[in-house]
Amino acid sequence: MKTRPINMLIVFLMTVALTLSAGTVRAEKPILIGCPLSTAFLYGWDAERGVTLAVEEINAAGGVDVGGGQKRLFKVETIDTRDLEPGVPVSEALLAVEKLILDKKVDFIVGGPVRSEAALAAMPLLSKYKKVSILTTGVLTPKYHAMVAKQYDKFKYCFRIHGEAKNLVGEIFANFNELKEKYGLNNLFIIAQDVSHARGAANIIKDIATKKGWNVTGLEIYPTGATDFSIGLLKAKETKTDIINIWMDMPESAILLKQWYDMQIPALPFGSTLAAAEQPGFWKATDGKGEYTLCNVVNAGNAPSTATPWTMKFYDAYTDRWGVEPEGLGTSSSYMAVYVLKDAIERAGSLDSDKVVSALEKTDMMGVYGRIRFDPKSHQVIPSTDPKEGAVGSILQWQDGKRIVVYPKSIATGEILLPPWMKK
Amino acid sequence: MDILIYGTINSVALALYALGFALVYGISRLPNFAHGALYILSGFITWSALNTLGFNYFVSILLSLLVTGIIGAVIYQFFLIRVRGMEISEIIASYAIALAILEGLRWGGFKGMTYTLPVFISGSTTIAGISVDYQRLLAVAIGAVLVVCLWLFTRFTRIGLALRGMAQDERAALMLGIDSDVMAVVAMGLGSSLAAFAAMLLLPLGNIVVESGYNVLILAIAVCVVGGIGSWPGAVLAAFIIGFAQILTVVYIGSHYQMVVALLAIILTLILKPSGLFGQQKELEERV
């Protein structure tokens with residue numbers, strides 16, 4: 001059979017047309033998401049994994065509609081800021097952020113810097129380059145969104161999608177009050193790491209606790225990298241402390257909990273920020289000595305619960321992708337930030353920073369940890385104890401090798417237990 | 001009483017950190033800035049042998065001591081020997097090796113807080129009303145035995161005497177047929193094994209974290225500077241001075257000043273007595 005030239009031409013043209021239409025998404029330049037993260041630490045690598053998972057899911061579903069039917073894929077560019085490491089100056093994190101903006105030419109910043117000091121210092125940079133940034137991990141200082149509210153025009157590009165220290169303080173006192181009513185606990189000892197957010201939050205807790213009638217038996221601040229907490233724990237024991245409130249994101253906080261168990265300190269360890277206890281590997285790492293430890297993983301989805309229909313869907317997807325359950329602060333919020341960004345870009349129909357800022361301010365979606373909305377003045381995610389109303393937190397307790405969510409009650413799967421050596 | 005008990009524990013921990021560093025400098029005049037990195041590396045070697053290769057804990061520890069010692073010897077034989085006698089170059093080269101080890105570990109995925117070693121004996125006891133866990137008591141006891149063993153080794157064995165000869169006068173030792181390069185390799189291997197030994201005793205108390213390699217180095221340097229660089233008795237005495245000063249600071253001033261103590265000790269020593277407590281050779285140089 002002889003093939004006519006006209007048929008061949010038609011086949012060729014159809015092939016070209018098909019190739020071009022199929023390649024519409026791929027031919028476009030990807031939207032670059034820059035992630036400045038302290039990748040050697042929990043709050044860094046879990047955020048990177050959260051972002052990556054969301055990007056993979058969005059890209060698999062076709063990408064982001066940037067307007068006019070134009071679909072573009074996301075691409076992640078991560079840089080190690082090292083800002084959680086002891087002794088690393090803030091300037092290192094700033095250099096990393098600037099490198100992402102100027103050298104890697106990212107379109108948006110998602111993630112960090114992770115340390116409060118570094119994130120605050122990065123705000124003028126973001127303003128200078130008009131780069132929209134969504135903080136998703138680590139940074140708890142209330143000063144961040146206060147600065148946005150105070151100088152809106154300058155810092156309007158800065159958003160934070162996870163809870164902050166004031167929320168955490170409120171959540172903690174809800175639990176303290178319950179423990180007071182249920183077990184008669186009244187003596188509070190505070191142990192904090194010598195970093196901005198922890199020092200600040202510890203002092204806030206001290207002031208509020210005193211006003212609320214708690215007997216604050218001590219406040220110990222340990223340098224980053226400290227490996228011996230025995231004297232602080234002995235002080236807690238001598239002062240008949242009932243609750244040890246801990247604010248630490250350094251890996252060495254696991255040592256504190258081991259010492260607490262070995263010394264059988266009759267007080268409940270209640271971590272507000274306690275990176276070591278957030279991770280699923282904590283049980284094995286402490287040989288179960290960390291049982292009864294409480295910690296705040298800041299947002300739902302970082303521990304198993306059914307806050308929203310998306311929570312366990314995310315939880316399982318993360319576990320399948322990375323071979324480990326969502327690990328702590330920054331996991332669900334980093335994942336969610338990419339979806340929120342996608343939603344904002346699609347509504348804005350553009351990558352223009354000012355248009356995306358306006359769209360982000362109008363965000364209203366049901367996410368992994370509840371309803372996600374930003375305060376239009378401060379750009380802080382609106383918190384709530386009801387996932388239908390706002391972003392909910394999660395406080396968990398280690399019980400028999402499992403992370404059991406005990407707060408808020410709307411999503412709790414268990415109740416707080418006291419260690420046998422302090423049963424009242 | 002709590003100051004006495006935990007001051008002693010803290011002091012022994014500092015002495016264990018510093019002994020290997022002091023030994024290497026005392027014999028070969030080499031400031032081994034890879035000391036902290038070798039300490040952490042040995043922890044990960046033990047962890048890997050125990051959890052990945054499935055070896056017995058005791059075998060894993062022996063393997064770690066041996067491998068870390070060999071790595072130390074190799075570092076000297078292939079890298080540091082080339083810059084021997086050039087102090088600044090020695091510091092730069094050994095610190096570069098430390099960075100390579102620590103960043104290599106991090107790059108290899110050894111990050112986070114879930115790497116731990118089991119304690120030798122679980123549980124705790126009460127001494128004069130103060131709770132202390134058995135692992136810490138064991139660290140103190142073994143630390144004391146180690147110091148005695150080192151003293152015996154350097155006085156009653158051929159290698160130990162050769163090392164002392166080197167430490168006292170390298171040229172005289174050479175004239176007596178002691179190969180200074182071989183002894184320096186032995187010293188580096190032994191010093192690295194001592195770092196690993198300290199790690200085996202102290203790491204089960206917490207977790208193996210790459211970043212703590214830098215802290216170990218700083219503490220070892222502080223102890224050696226105060227004690228007189230290269231002097232083992234000086235290192236032990238300085239460890240007790242700094243160890244108790246740290247605990248007293250935590251009790252009476254504030255826990256967040258405890259790291260300042262070590263750094264302040266270095267500064268004060270360099271101002272008041274640069275040779276340190278027992279730095280006799282340096283002291284002679286200062287007099288001249």
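Predicted model: local features only at pLDDT ≥ 70, side-chain atom pairs only at ≥ 80, totals over all residues.
In chain A, an open sheet is built from seven strands in the order S9-S8-S10-S11-S12-S15-S16, and its pairing is mixed. The edges of this sheet are held by S9 and strand S16 (402–407) of chain A; each has a single partner strand, so one side of each is left without a neighbour in the sheet. On average, and with direction ignored, neighbouring strands of the sheet are turned by 25 degrees against each other.

Strand S8 of chain A, residues 187–193, is mostly covered, with six of its seven residues buried. S8(A) runs parallel to S9(A), and the two are joined by seven bridges. Within this pairing, Gln193(A) has Tyr222(A) of S9(A) as its bridge partner. H9(A) lies across S8, S9, S10 and strand S11 (268–274) of chain A. The direction of H9(A) is at about 165 degrees to that of S8(A).

S8(A) also pairs with strand S10 (residues 243–248) of chain A, in the parallel sense and over five bridges. Here the bridge partner of Ile190(A) is Asn245(A) in S10(A). An antiparallel pairing is found between strand S12 (residues 294–296) and strand S15 (residues 395–399) of chain A, which are joined by three bridges. In this pair, Cys295(A) has Leu396(A) of S15(A) as its bridge partner.

Another open sheet of chain A contains five strands in the order S4-S1-S5-S6-S7, with parallel pairing. Strand S4 (74–80) and strand S7 (158–160) of chain A are the edge strands, each pairing on one side only. Neighbouring strands of this sheet are turned by an average of 25 degrees against each other, direction ignored. Strand S1 of chain A, residues 31–37, runs parallel to S4(A) and is joined to S4(A) by seven bridges. Ile31(A) stands opposite Phe74(A) in S4(A).

The contact between the chains draws 31 residues from chain A and 29 residues from chain B. On the side of chain A that touches chain B, at least two residues each come from strand S9 (215–222), helix H10 (230–238), helix H11 (253–262) and helix H13 (282–285) of chain A. By class, this side of chain A has 15 nonpolar, seven polar and nine charged residues.

H10(A) is largely enclosed by the rest of the structure, because seven of its nine residues are buried. The buried residues of H10(A) are Ser230(A), Ile231(A), Gly232(A), Leu233(A), Leu234(A), Ala236(A) and Lys237(A). Just after H10(A), Lys240(A) has a positive phi of about 55 degrees.

Helix H15 of chain A covers residues 331–348. H15(A) is mostly covered, with 14 of its 18 residues buried. Gly349(A) follows H15(A) and has a positive phi, near 65 degrees.

Methods:
Residues numbered from 1 in each chain as written. Chains lettered and ligands numbered in written order. Helix = DSSP H or I, 4+ residues; strand = E, 2+ residues; numbered from the N terminus. Expected span 1.5 Å × (residues − 1). Buried ≥ 20, exposed ≤ 12 C-beta atoms within 10 Å, placed from the backbone. Contact = placed C-beta atoms within 7 Å. Nonpolar A, V, L, I, M, F, W, Y, C, P; charged D, E, K, R; others polar. Pairing = 2+ DSSP bridges. Axes fitted to C-alpha atoms, helices over the stretch in contact; angles between N-to-C directions.
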